[in-house]
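Here are a few notes to go with your first look at this model.

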Amino acid sequence: MILIAQLFMYAHDYVSAHMATELVADLRTSVYRNVMYASMPFHYSHRSGQLFSTMLQDGHRAEVYLTAVRELLTRSIMATLYGCLLLLISWRMALATFGVL
């Protein structure tokens, strides 16, 4: 049982990390494309080093945000499932655990 749970957790982590990486890569590609096709006055008023530094920092922030959201969702779902499982096993003990009694 523990082995199956660990396999599912590994698969979840792998898929989530892959999706976050792909999303950030698409975001960076889109921003890069928009900067490359911007008008000349835009490039005269903005330094290229500053633009690329901002793009990299924003991509990193998006990646950190997506990781935090993934962890929040995973932990919320797991807490809900554990609570339901505890209620199914023994509702009296579950209520005592939750501090209702």
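1. A quick definition before the tour: a residue is called buried under 20% relative accessible area, exposed over 50%, and partly exposed in between. By that scale Glu-71, with a relative accessible area of 29%, is partly exposed. Keep in mind that this is a predicted model.

2. Glu-71 and Arg-75 are separated by about one helical turn, because they sit 4 residues apart in helix α3. Arg-75 itself is exposed, at 59% relative accessible area. Through shared partners, salt bridges tie Asp-13, Arg-70, Glu-71 and Arg-75 into one network.

3. How many salt bridges are there by this rule? The count comes to 4. One of them pairs Asp-58 with Arg-61, with the closest N and O atoms 3.2 Å apart. These two are 3 residues apart in helix α3, so about one helical turn separates them. Asp-58 is partly exposed, with a relative accessible area of 39%, while Arg-61 counts as exposed at 52%.

4. The largest pocket holds about 460 Å³ and has 16 lining residues. Nearest its centre you'll find Ala-5, Met-9, Thr-74, Met-78 and Tyr-82. The elements giving two or more residues to this lining are α1 (2-36) and α3 (48-89), and α3 gives the most, with 9 residues. Sorted by class, the lining has 10 nonpolar, 2 polar and 4 charged residues.

5. Have a look at the second largest pocket too, with about 180 Å³ of space. Among the residues lining it are His-12, Ser-16, Met-19, Leu-66, Val-69 and Ile-77. Which element supplies the largest share of this lining? That is α3, with 6 residues, and both α1 and α3 supply at least two. The classes here come to 7 nonpolar, 3 polar and 1 charged.

Methods
Residues are numbered from 1 along each chain as its sequence is written. This is a predicted model: local features need pLDDT of at least 70, side-chain atom pairs count only at pLDDT 80 or more; totals for chains, interfaces and linings use all residues. Side-chain values use heavy atoms; hydrogens and water are left out. On a 1 Å grid over the protein atoms alone, a cavity is a set of points where a 1.4 Å probe fits but cannot get out, and a pocket is an open set with protein on both sides within 12 Å along at least five of seven lines; lining residues have an atom within 4 Å of a point. Grid points are joined across faces, edges and corners, and a volume is the space filled by probe spheres set on the points. Ala, Val, Leu, Ile, Met, Phe, Trp, Tyr, Cys and Pro count as nonpolar, Asp, Glu, Lys and Arg as charged, and the others, Gly among them, as polar. A salt bridge is a side-chain nitrogen of Lys or Arg within 4 Å of a carboxyl oxygen of Asp or Glu. Buried means under 20% relative accessible area, exposed over 50%, partly exposed in between (1.4 Å probe, protein chains only).
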